[in-house]
Amino acid sequence: VDFESYSYLTYEDIRTKIEALSTDYPDLIEATTSESELGIKHRVSCGDETCVVDIVRLTNRNASGPKKVIFISGAFHGNERLGPNASIYFLEYVIS
């Protein structure tokens with residue numbers, strides 16, 4: 001991971017990165033949404049579309065046995081936009 005290339009990610013950037021990571025690392029990343037996983041309807045607007053609340057699971061599907069669980073919330077409150085960005089960069093860092 002190139003720490004010098006970090007920059008603010010837009011909503012679209014984050015969605016694109018999640019899709020790319022789940023495509024590039026199918027044995028490690030499972031991406032879904034709160035609507036499909038939990039039936040929670042999305043009601044907030046992100047520009048011209050309704051915001052999607054992503055759920056991303058990072059695991060090694062090829063490893064057997066019990067695994068440790070860490071919960072990281074990238075939710076943001078108000079104008080606090082650091083959470084989603086930090087979560088995506090952390091995910092990229094762990095995978096690398």
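User: Is Arg57 buried, partly exposed or exposed?

Analyst: Buried means under 20% relative accessible area, exposed means over 50%, and partly exposed lies in between (1.4 Å probe, protein chains only). Arg57 counts as partly exposed, at 32% relative accessibility. A word on the source: this is a predicted model, where local features need pLDDT of at least 70, side-chain atom pairs count only at pLDDT 80 or more, and totals for chains, interfaces and linings use all residues. Residues are numbered from 1 along each chain as its sequence is written, and side-chain values use heavy atoms, with hydrogens and water left out.

User: Which side chain does Arg57 meet in a salt bridge?

Analyst: The general idea comes first. Side chains of opposite charge can pair when their charged atoms come close. A salt bridge here is a side-chain nitrogen of Lys or Arg within 4 Å of a carboxyl oxygen of Asp or Glu. Arg57 meets Glu30 this way, at 3.5 Å from N to O. The two sit in distant parts of the chain, 27 residues apart: Arg57 in strand β4 and Glu30 in strand β1 (residues 29-33). Strands (E, at least two residues) and helices (H or I, at least four) are DSSP runs, numbered from the N terminus. Glu30 is partly exposed too, with a relative accessible area of 31%.

User: How many salt bridges are there by this rule?

Analyst: The count is 6. One of them joins the side chains of Arg15 and Asp54, at 2.3 Å from N to O. This pair also links distant parts of the chain: Arg15 lies in helix α1 (residues 11-24), Asp54 in strand β4 (residues 54-58), and 39 residues separate them. Arg15 is partly exposed at 27%. Asp54 is partly exposed at 25%.

User: What is the N to O distance between Glu35 and Lys41?

Analyst: It is 3.8 Å, in a salt bridge between their side chains. Glu35 is partly exposed, at 33% relative accessible area. Lys41 is exposed, at 54%.

User: Which residues form a negative surface patch?

Analyst: Patches are made of residues with over 30% relative accessible area and no salt bridge; like charges are joined within 9 Å, and nonpolar side chains (Val, Leu, Ile, Met, Phe, Trp, Tyr) within 5 Å. Here Glu12, Asp13, Asp48 and Glu49 form the negative patch. Glu49 lies in strand β3 (residues 49-50). Its relative accessibility is 40%, so Glu49 counts as partly exposed.

Technical notes
Areas by Shrake-Rupley, 256 points an atom, 1.4 Å probe, with all protein chains shown as cover. Lys, Arg positive; Asp, Glu negative; His and termini not counted. Charge placed at Lys NZ, Arg CZ, Asp CG, Glu CD.
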